Amino acid sequence: MQALPTLHRMPTTTLSSLLLSPTASANVAVIDVRDSDHAGGHIRSSIHVPSSTLDHRLPELVRTLRSKEKVVFHCALSQQRGPGAALRYMRERERMLGGAEAEKVKVDEKVAEEGLSGQDVKSAVGAKGEVEKVDGTQAEEQEGKHQQEVWVLDGGFVKWQERYGTDDRLTEDYAPDIWNDY
């Protein structure tokens, strides 16, 4: 039986800094797994995947978030739904991408990134249509193994809204009256 992966907690201050950084924000995805408690505001640019729909959306998430360096899950308090979703995502990612997080670059991605064509593509493509060598080096070595970091937002949206609820750069559709008694 496989050991449970370790979940890391990201402070709200760290996530806000990442989201406000033009370069870092492109490499971060925030997944909001709240259900009906999603009303009242959400983190700007977050993807709402209600926990009740998570299981059938996991393969899609793994594919669409594949290139992200950090994926941050949260619910209201990040005590149950958020951490549970993060663990399920990590397991699905492992199942789909393999044990070593095999992230060999596909030919079409490599062609787009480096403008390979003709003989360059033929020399770079392996038997399975994956880029194996570019300039005589293994693609994994050249690209670096992509180890995606999966996080849980410490304190969830409740803690987030206490600090950033009224900050329009970070929070959308904020309704403070909903959170007064939370």
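Which strand is His-74 found in? I started my notebook there, keeping in mind that this is a predicted model. His-74 sits in strand β5, which covers residues 70-74.

**His-74.** Then I listed its contacts, skipping residues up to four places away in sequence. His-74 touches Val-30, Ile-31, Asp-32, Val-33 and Arg-34, and also Ile-43, Gly-82, Leu-153, Gly-156 and Phe-157.

**The largest nonpolar core.** I moved on to the core of 19 residues. Ile-31, Leu-61, Leu-65, Phe-73 and Tyr-89 are the members that touch the most others. I then checked which elements give two or more residues to this core: β2 (28-32), α3 (54-64), β5, α4 (81-97) and β8 (149-153). Helix α4 supplies the largest share, five residues. I also looked up Leu-61, again leaving aside neighbours within four places in sequence, and found contacts with Ile-31, Val-49, Leu-54 and Tyr-89.

Phe-157 was already in my notes as a contact of His-74.

**Helix α1.** Which residues are buried in helix α1 (residues 12-20)? I noted Thr-12, Leu-15, Ser-16, Leu-18 and Leu-19. Around the axis they cover an arc of only 160 degrees, so they lie on the same side of α1.

Note on methods
Residues numbered from 1 in each chain as written. Predicted model: local features only at pLDDT ≥ 70, side-chain atom pairs only at ≥ 80, totals over all residues. Heavy atoms only, no water. Helix = DSSP H or I, 4+ residues; strand = E, 2+ residues; numbered from the N terminus. Contact = heavy atoms within 4.5 Å. Core = buried A, V, L, I, M, F, W, Y, C linked by side-chain atoms within 4.5 Å. Buried < 20%, exposed > 50% of the residue type's maximum accessible area, 1.4 Å probe, protein only. Arc of directions from axis to C-beta.
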